[in-house]
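Please read them with the structure open.

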Amino acid sequence: EFEDVISKAAGSLGIGNTDLSQRTGVPVEEVRSLMDGKFDEKSLLAVADPLGLHGPSLVELAKQSWRPDKVEVKGLTGYNTPFPVPGYEEMTVNSYLVVDEAAGVAVAFDTGADVTDMLADIERMGVKLELVLLTHTHDDHIKALGELLAATGNPPVWVNNKESITRAKGFDAGQGFSAGSLKIESRLTNGHSPGGTTFIIDGLDRPVAIVGDSLFCCSMGGARGAYGKALDNNRKQILSLPDDAVLCPGHGPVTTVAEEKAHNPFFPEFKS
């Protein structure tokens, strides 16, 4: 939602509605309307630059005139489960399962709020869950961890050392993991959370990155207090991947590096 993007940028930069009005000449009541999700193209374009955002991409988002192409990668399955919170009852969260069927092994990335479908797929494919890798420890991403472990023989769980939860081992960014022919690189992409991690998977048909809440389709995770770090990490650690790399976020649709360079308002430097 465009209002989520502009409010994240304004809040992270410490720019209030009155300040934004003074910088742009947009009446403060119209700035408030934008923040409430009432779309006005001229006003939205006016506030984009002082917020460091790409105006045309914001308008595209507001008009819902673009969505990423559906991506299918053999061995990659995504799950989307409801996780309502007060004021955002429609919220859902993603988790992922990556499988090497020839070796009969799988790796889970986060759990979301419900692992019923993930467990059904593990059983249907007859694979063993070798690892659980966590992008970060916010409750929506690990809600069903206990259920997943109990049903799969308690495989090892790993999380970046900058965060910790019971039952998880810690690792430092750069540590690699493997399962069958799958090779997994970890990169620190924190800002949204202290140990936010992106996992880059080699061994599928094309590069795949599990990015958690570091980056979303046309957006990114909130990073108040660490906004510059989050932007820099996303540029250097995620958007530096090949253009065809598939990005699997913690919320919203799967996308690619090329699509985010072209359409994500937070990264105007990639736009022509």
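1. Gly 78 has Tyr 96 of E2 as its bridge partner. The two strands pair in the antiparallel sense, over seven bridges. Keep in mind that this is a predicted model.

2. Six strands form an open sheet in the order E1-E2-E3-E4-E5-E6, and the pairing is mixed. Strand E1 (76–82) and strand E6 (168–171) are at the edges with a single partner strand each, so one side of each has no neighbour in the sheet. On average, neighbouring strands here are turned by 25° against each other, direction ignored.

3. What lies across E1, E2, E3 and strand E4 (128–133)? Helix H6, residues 116–125, does. Helix H6 runs at about 15° to E2.

4. Look next at Gly 104. This residue sits in the loop that links strand E2 (92–100) to strand E3 (105–109). Leaving aside residues up to four places away in sequence, Gly 104 touches Val 127 and Lys 128. Val 257 is 153 residues from Gly 104 along the chain, and 29 Å separates their C-alpha atoms.

5. E7 and E8 make a hairpin with two residues between them. In the turn, Gly 180 has a positive phi of about 60°. Strand E7 (residues 176–179) and strand E8 (residues 182–188) run antiparallel and are joined by four bridges.

6. Which residues make up the covered face of E7, and which the uncovered one? Phe 177 and Ala 179 form the covered face. Gly 176 and Ser 178 form the uncovered face. In a regular strand, side chains alternate between the two faces of the sheet.

7. Now the helix pairs. Two packed helices are described by the angle between their axes and the distance between the axes. Helix H4 (residues 41–48) packs on helix H5 (residues 55–63) at an angle of about 140°, and their axes are 8 Å apart. H4 is therefore oblique to H5. The crossing of H4 past H5 is right-handed. H4 contributes Glu 41, Leu 44, Leu 45 and Ala 48 to the contact. H5 contributes Gly 55, Pro 56, Leu 58, Val 59, Ala 62 and Lys 63. By class, the contact of H4 with H5 has seven nonpolar, one polar and two charged residues.

8. The axes of helix H2 (residues 17–24) and helix H3 (residues 28–35) cross at roughly 120° and come within 9 Å. H2 is therefore oblique to H3. H2 passes H3 in a crossing that is right-handed. Asn 17, Thr 18, Leu 20 and Ser 21 make the contact from H2, and Val 28, Val 31, Arg 32 and Met 35 from H3. The contact of H2 with H3 has, by class, four nonpolar, three polar and one charged residues.

Definitions and conventions
Residues are numbered from 1 along each chain as its sequence is written. This is a predicted model: local features need pLDDT of at least 70, side-chain atom pairs count only at pLDDT 80 or more; totals for chains, interfaces and linings use all residues. Side-chain values use heavy atoms; hydrogens and water are left out. Contact means heavy atoms within 4.5 Å. Two strands pair if DSSP finds at least two bridges between them. Axes are lines fitted to C-alpha atoms, for helices over the stretch in contact, and angles run from 0 to 180 degrees between N-to-C directions. Angles under 35 degrees count as roughly parallel, over 145 as roughly antiparallel, 65 to 115 as roughly perpendicular and the rest as oblique. A crossing is left-handed if the near helix is turned anticlockwise from the far one by less than a right angle, and right-handed if clockwise. Ala, Val, Leu, Ile, Met, Phe, Trp, Tyr, Cys and Pro count as nonpolar, Asp, Glu, Lys and Arg as charged, and the others, Gly among them, as polar. Buried means under 20% relative accessible area, exposed over 50%, partly exposed in between (1.4 Å probe, protein chains only).
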